[in-house]
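Please consult the sequence and the structure shown below while reading.

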Amino acid sequence: MNNSNQYGYDEVVDTLGDSIEIYRKIKTPLEDGLQFTDILALYDAYPLAMEVFNDRNTFIRQFLDLTPEESVQVLDELSARTGTPRDKVEQVATQSFQVASRVYRLGSYVIEESKGIYADIQLIGGLSPEEEA
């Protein structure tokens with residue numbers, strides 16, 4: 001690792017902040033276990049998860065280039081941005097990042113499956129009611 005301070009750290013703060021926001025969007029609906037209607041909370045969080053995914057290359061480049069001083073600044077800014085206590089922000093961010101990754105993976109799967117269902121419906125749509133039965 002060449003901690004050169006070459007790339008800054010704004011995307012690290014943004015990505016981890018978005019991850020915490022994703023966690024907060026789905027936390028309450030999922031507290032009592034997964035119900036079918038909780039899918040809406042996951043759907044609501046999916047655009048942020050897409051942003052986290054789309055920004056991954058910049059995040060990784062900046063993360064790997066963090067200096068010790070920048071690491072402290074990241075945690076300070078992340079704590080201020082999210083209201084997470086400074087002594088908990090690293091743990092919350094790490095776990096939230098894992099949650100964001102899983103929300104993205106689930107959302108992508110649902111979208112792909114939905115496309116397949118839509119294609120099947122289009123095929124069925126060409127049949128008469130008698131042919132459907």
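With which residue does Asp 44 form a salt bridge? The partner is Lys 25, and the closest N and O atoms of the two residues are 3.3 Å apart. The model under discussion is predicted. Asp 44 belongs to helix H2 and Lys 25 to helix H1, so the pair links distant parts of the chain, 19 residues apart. Asp 44 is partly exposed, with a relative accessible area of 44%, and Lys 25 is also partly exposed, at 28%.

**Salt bridges**

Side chains of opposite charge can pair when their charged atoms come close. The structure holds 6 salt bridges.

| Salt bridge | N to O distance |
|---|---|
| Asp 18 and Arg 81 | 3.0 Å |
| Asp 44 and Lys 25 | 3.3 Å |
| Lys 27 and Glu 31 | 2.7 Å |

The side chains of Asp 18 and Arg 81 meet in a salt bridge. Asp 18 lies in helix H1 (residues 10-30) and Arg 81 in helix H4 (residues 68-82), so this pair ties together parts that are 63 residues apart in sequence. Is Asp 18 buried or exposed? Asp 18 is buried, because its relative accessible area is 4% and the limit for a buried residue is under 20%. Arg 81, by contrast, counts as partly exposed at 39% relative accessibility. Asp 18 and Arg 81 also belong to a network of salt bridges in which they are linked with Asp 14.

A further salt bridge joins the side chains of Lys 27 and Glu 31. Lys 27 is partly exposed, with 35% relative accessibility, whereas Glu 31 is exposed, with a relative accessible area of 54%.

**The contact of H2 with H5**

How do the axes of helix H2 and helix H5 cross? The axes of H2 (residues 39-54) and H5 (residues 89-125) come within 8 Å and cross at roughly 110 degrees. Angles of 65 to 115 degrees count as roughly perpendicular, and H2 is therefore roughly perpendicular to H5. On the H2 side, the contact is made by Leu 42, Ala 45, Tyr 46, Ala 49, Met 50, Val 52 and Phe 53. The residues of H5 in this contact include Phe 97, Ala 100, Val 103, Tyr 104 and Ile 111. Gly 107 and Ser 108 of H5 take part as well. Taken together, the residues of the contact divide into 13 nonpolar, 2 polar and no charged.

Key
Residues numbered from 1 in each chain as written. Predicted model: local features only at pLDDT ≥ 70, side-chain atom pairs only at ≥ 80, totals over all residues. Heavy atoms only, no water. Axes fitted to C-alpha atoms, helices over the stretch in contact; angles between N-to-C directions. Helix = DSSP H or I, 4+ residues; strand = E, 2+ residues; numbered from the N terminus. Parallel < 35°, antiparallel > 145°, perpendicular 65-115°, else oblique. Contact = heavy atoms within 4.5 Å. Nonpolar A, V, L, I, M, F, W, Y, C, P; charged D, E, K, R; others polar. Salt bridge = Lys/Arg side-chain N within 4 Å of Asp/Glu carboxyl O. Buried < 20%, exposed > 50% of the residue type's maximum accessible area, 1.4 Å probe, protein only.
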